[in-house]
Amino acid sequence: MPFSSLVLRMLVMILALAVCSDHLLAKASTREGVYTAEQAQAGATLYVNSCIECHGATLRGSEAGPALTGAAFWDKWEGQALGVLYQLTASTMPVNDPDGFSAEEYAAVVAFMLQQNGLPAGSTALVASAAALTPITLQASAEPVRVASVASGTSSSQRRVDAEWLSYHGTEASLRYTPLGQIDRNNVERLDVAWRWFSANHGPQPEFNYQATPLMVDGVLYTTAGRRRDVVAIDPVTGETLWMYRLDEGARRGPRVNSGRGLALWRNEEATRLILITPGYQMLAIDPETQRPDPTFGVNGIVDLRLELEERFEIDPASIAVGSTSPAMIVGDVIVVGAAFPSGAAPASPQEAAGNIRGYDVHTGTLLWKFHTIPQGDEFGVETWHNNSNAFTGSAGAWSTLSADIEQGIVYVPVEAATGDVYGGHRPGDNLFSQSLVALDARTGERVWHYQMVHHDVWDYDPPTGPILADLVVEGREIPAAIQVTKMGFVFTFNRLTGEPVWPIEERAVPQGSVPGERLSATQPFPTRPAPFEMQGISADNLIDFTPELRRNALALLKNYTWGPLYTAPSLVDENNRGTLFMPGVGGGANWQGAAFDPETNIIYIPSTSLPMGIGLVKNPPNTAFDYAMAPDSFVVHGPDGLPLIKPPYGRITAIDMNRGEHLWMMANAATPEEIRTHPRLRGVEIPERTGHGERGALLVTKSLLFAGEGAALYGGQTGGGRMFRAHDKLTGEILAELELPAKQTGLPMSYAIDGIQYIVVPIGDTGHPGELVALRVRR
């Protein structure tokens, strides 16, 4: 049944019940205190345990679920009946266990949502009845976009392919660069929409946070779409759907049910294969000629990636909550696969499957090797795990994209934190190879070198993207480099063949904590070049100061937290402390959008955000065997009167000359958001025209320009997301042109050329606006 029809039927049912109900609330609006604070607190616990994975730590949504707070939420729900929201929540959530809560628990979750949207609590609890809630009013808009007229009189077989896009980041080196320059500063103002491709009919429900970036191979675009992760072939000139393949995995699912971020490609002179990792963590090799899986790959065309993942203890592979949103990396004839697990803020147990990195034969799907990200036996790094914790600790997977030096046969793996993200008392030691960049021989899986960027992590500072592989010239020396951007706001730069730092990295003393059982590392690595690209740590100097009163209020808020420099330790929540305030927060800094690199100038461009977050721990938390875990709602930190806690910019683009390790320019990533510009506390106050916003806009570098969107803010971010797509001067950051997209940028842009015409394709979407691909070209 279409989603809209389902909602309509539910609405009719609710209204019918409302007519008969003797218990209608007298309240007319959610602004009048329709829930209690105790009810919202109970809902917070349920949210952390069952909802945070899909809807995010800040309720801003993720690739798996829509936003439940902020502008994106109210665009959809403003003016609707609270009963509709309650009924939709109670009948469809959690996605893996609908009807899994009691009616009172669903009411508590809705109360928590209202609280997080700044609505006041009252003295009467929210009634667990859709009919009774229907008279209470919650608060929606959209804009059409002109499409340029583009006609093609030639068939796809007659076209000349001038430039392809063969990997998620363009090449295995993760540059996000194309040498195309047909779109330049002289014609970019005529950039317009050539075609739009819609994903709405893929999957059982529309997907709004559409993050897939297409490949362009042999004159055809290939992408994934919908929550089943369908494989779709698209005409790159007209946007016509050419064919699609759909695998129905039934009830099998991973932690994130979405379209993923795209496909991987293997190609030789005789054949082409599109490598798909499904939401249920199965791998297929799709033959574009037959438009079906290769039956000789795996078992009946499928490799079950849950098998052979964990061998330390008995575990039913079907019970492992594991998947991968990112595409695989292919080096020669080897497919290298990472793993992603559910959020580790409050995991059920210290024992969990490990995210070992594996290599598979591209022709047969046979497992060739496995690299233990948590070392075993006498393997290198086992001494960094104390109390036998390497025997049971899990995660330490690679959820982000990988990079590869094809000529050298080396794959570069950014390994995430071990279980759990914010408390490490059950895993004493530095915990190799968590939070490390690991270089592996792609043929054998043997370690070439590694560098751990965070020792014994308790801040969820995962390396969020594969490193950029580039050839630098530093003080006259040519250096084959691996450049790793991080959530912490650091850029780590290594010789990619040896692992030797290009510039010194110093081990510096960091604050120590007081949580019982936790033993933090006494030092952490600090690169000496380049300087950080983000604000690090919390100090009085970086608090909001638009007015003296706002600054005083911000200073007063700090009294409720533990705070200090980068790597200030998580703390226990009590009546005097809400936890540790830290920055960058768990989202970074940099994140999965990575960075872009111009190999002609060796300038790196980094999109990042400045968002303080909190880590507060509670003892003996419910529903987990951990001694301590994240307190409900401690991630979310509000500034005075709903404004950001810190000074702008809230999001930025930073350009760094990587030959010298010196910053060239930095600029805010967007105009000042309306919610700040029109805030009543700022009436008559002069504020910057461009404060930026709390979302990273993904970048693309071409021979002539730097392109940047504004992101979607459907996952994390206090402010952010927008429809503007801009062209910048690469050397100065000057904005040369801007185009309003039909919706917000949700994925990374890519570019290709057909018959001498350059196209740029941008994934877009928004709450209530199902995902699309929008192709741009210069208007004739």
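How far apart are the mean positions of the positive and negative charges of the chain? The 57 positive and 85 negative charges have mean positions 5 Å apart. Lys and Arg count as positive here, and Asp and Glu as negative; His and the chain ends are not counted. Each charge is placed at NZ of Lys, CZ of Arg, CG of Asp or CD of Glu.

The model is predicted: local features need pLDDT of at least 70, side-chain atom pairs count only at pLDDT 80 or more, and totals for chains, interfaces and linings use all residues. Residues are numbered from 1 along each chain as its sequence is written, and side-chain values use heavy atoms, with hydrogens and water left out.

The chain has nine helices and 41 strands. These are DSSP runs numbered from the N terminus (helices: H or I, at least four residues; strands: E, at least two). The radius of gyration is 25 Å, close to the 28 Å that the globule rule gives for 780 residues, so the chain is as compact as a globular protein of that length. This radius is taken over C-alpha atoms, and the globule rule is 2.2 Å times the number of residues to the power 0.38. Along its principal axes, the C-alpha trace spans about 75 × 65 × 60 Å. Of the 780 residues, 63% count as buried. Buried means under 20% relative accessible area, exposed means over 50%, and partly exposed lies in between (1.4 Å probe, protein chains only). The accessible surface of the chain comes to about 28,600 Å². Carbon and sulfur atoms hold 50% of that surface. Accessible areas come from the Shrake-Rupley method with a 1.4 Å probe; for residues, only the protein chains shown count as cover.

Helix α6 covers residues 103-116. Its 14 residues reach 20 Å from the first C-alpha to the last, close to the 20 Å expected at 1.5 Å a residue. The expected span is 1.5 Å times one less than the number of residues. Helix α6 is mostly covered, with 10 of its 14 residues buried. Among them are Y106, F112, M113 and Q116. The cover over the buried residues includes α2 (37-50), α4 (70-77) and α5 (82-92). After α6 comes G118, with a positive phi near 80°.

Most residues other than glycine have a negative phi, and most peptide bonds are trans. N387 has a phi near 55°. It sits in the loop between β15 (367-371) and β16 (403-405). N387 is exposed, at 61% relative accessible area. D755 has a positive phi of about 50°. It lies in the loop between β39 (750-754) and β40 (757-766). D755 is partly exposed, at 33%.

A321 belongs to the loop between β11 (302-304) and β12 (329-331). A321 is partly exposed, with a relative accessible area of 37%. Neighbours within four places in sequence aside, A321 is in contact (heavy atoms within 4.5 Å) with P255, A340, F341 and P342. The C-alpha atoms of A321 and L543 are separated by 40 Å. These two residues are 222 residues apart along the chain.
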